[in-house]
Amino acid sequence: MISVCMATYNGEKYIKEQLDSILSQLSDNDEVIISDDHSTDDTIKIIESYNDQRIKVFMNNKEKGYTRNFENALEKVSGDIIFLSDQDDIWIDDKVKKSLTLLEDNDLVVSDAQVVDNDLKTLAKSNFELRNVKHGFFNNFIRCRYLGACYAFSKKVLEKSLPFPKNSQYIPHDYWIYMIAISNFKVGVIHEPLIQY
């Protein structure tokens, strides 16, 4: 079972395209866990309009901000495989399939991403190339350049990652999860963009 964890806050502009790109790749037994940071726009209304039993919405009653919002979602997962998702990205076809294939031999996989503008026009074909991303522990210890929205990982990585450190402003959720994974488990890299962000 797959659990997709999404953190939302006033994301009405892109949330539908994002959910459409995710749900089309999931089975009926998978789930999308959404933690909302008390949006004041129509984000929740749009999500509820799906009336899809795979979508489960929770309000974030922790400290505001994306790290605690993601933590709130991650605490609710039922699946053995977890994908992270921002509210304003688009998943490219076969993201799930390609990630699951690499997860057969790894505990966390991270893919590349296309960088796009508000109209989904490509600004950079590769986030790895744009940001000169280098792989491995030491290259990402001071500043991790991987995007959390490009992560998929096993439940055992999640169990070792929770709870997140208290000073989340110094250690964002995606940096923390990557450091836990690469220090304790096997990490794989997909050198192909699997999202547009």
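Reader: Hi! What covers the buried residues of helix 1?
Author: Hello! The cover includes strand 1, strand 2 (31–36), helix 2 (43–48), strand 3, strand 4 (81–85) and strand 5 (90–91). Cover here rests on contact, that is, heavy atoms within 4.5 Å. Helices (H or I, at least four residues) and strands (E, at least two) are DSSP runs, numbered from the N terminus. This is a predicted model, where local features need pLDDT of at least 70 and side-chain atom pairs count only at pLDDT 80 or more, while totals for chains, interfaces and linings use all residues. Residues are numbered from 1 along each chain as its sequence is written, and side-chain values use heavy atoms, with hydrogens and water left out.

Reader: And which residues of helix 1 are buried?
Author: In helix 1 (residues 15–23), they are I15, Q18, L19, S21, I22 and L23. Buried means under 20% relative accessible area, exposed over 50%, and partly exposed in between (1.4 Å probe, protein chains only).

Reader: On to pockets. What volume does the largest pocket have?
Author: About 320 Å³. A pocket is found on a 1 Å grid over the protein atoms alone: an open set of points where a 1.4 Å probe fits, with protein on both sides within 12 Å along at least five of seven lines, and lining residues have an atom within 4 Å of a point. The grid points are joined across faces, edges and corners, and the volume is the space filled by probe spheres set on the points.

Reader: Which residues lie nearest the centre of that largest pocket?
Author: A7, Y66, F70, D86 and H173, out of 16 lining residues. Strand 1 (2–8), helix 3 (66–74) and helix 8 (173–184) each give two or more residues to the lining. Helix 3 has the largest share, with 3 residues.

Reader: How does the lining of the largest pocket divide by residue type?
Author: Into 7 nonpolar, 6 polar and 3 charged residues. Ala, Val, Leu, Ile, Met, Phe, Trp, Tyr, Cys and Pro count as nonpolar, Asp, Glu, Lys and Arg as charged, and the others, Gly among them, as polar.

Reader: Is helix 3 mostly covered or mostly open?
Author: Mostly covered, with 8 of its 9 residues buried. Among them are F70, E71 and N72.

Reader: What about the second largest pocket, which residues line it?
Author: Y14, D88, D89, I90, V116, D117, N118, L120, Q196 and Y197. The volume of this second pocket is about 150 Å³, and its lining divides into 5 nonpolar, 2 polar and 3 charged residues.

Reader: Changing topic: where is K62 found?
Author: K62 sits in the loop between strand 3 (55–59) and helix 3. It counts as partly exposed because its relative accessibility is 31%.

Reader: Which residues does K62 touch?
Author: Not counting residues up to four places away in sequence, K62 touches R68, E71, N72 and E75. The side chains of K62 and E75 are joined by a polar contact of 3.1 Å. A polar contact is a pair of N or O atoms within 3.5 Å; within protein, one must be able to donate a hydrogen and the other to accept it, and residues adjacent in sequence count only if both atoms are side-chain atoms.

Reader: How many disulfides does the structure hold?
Author: It holds 0, a disulfide being a pair of cysteine sulfur atoms within 2.5 Å. For C5, the nearest cysteine sulfur is that of C150, 16 Å away. C5 is buried, at a relative accessible area of 0%, and C150 is buried at 3%.
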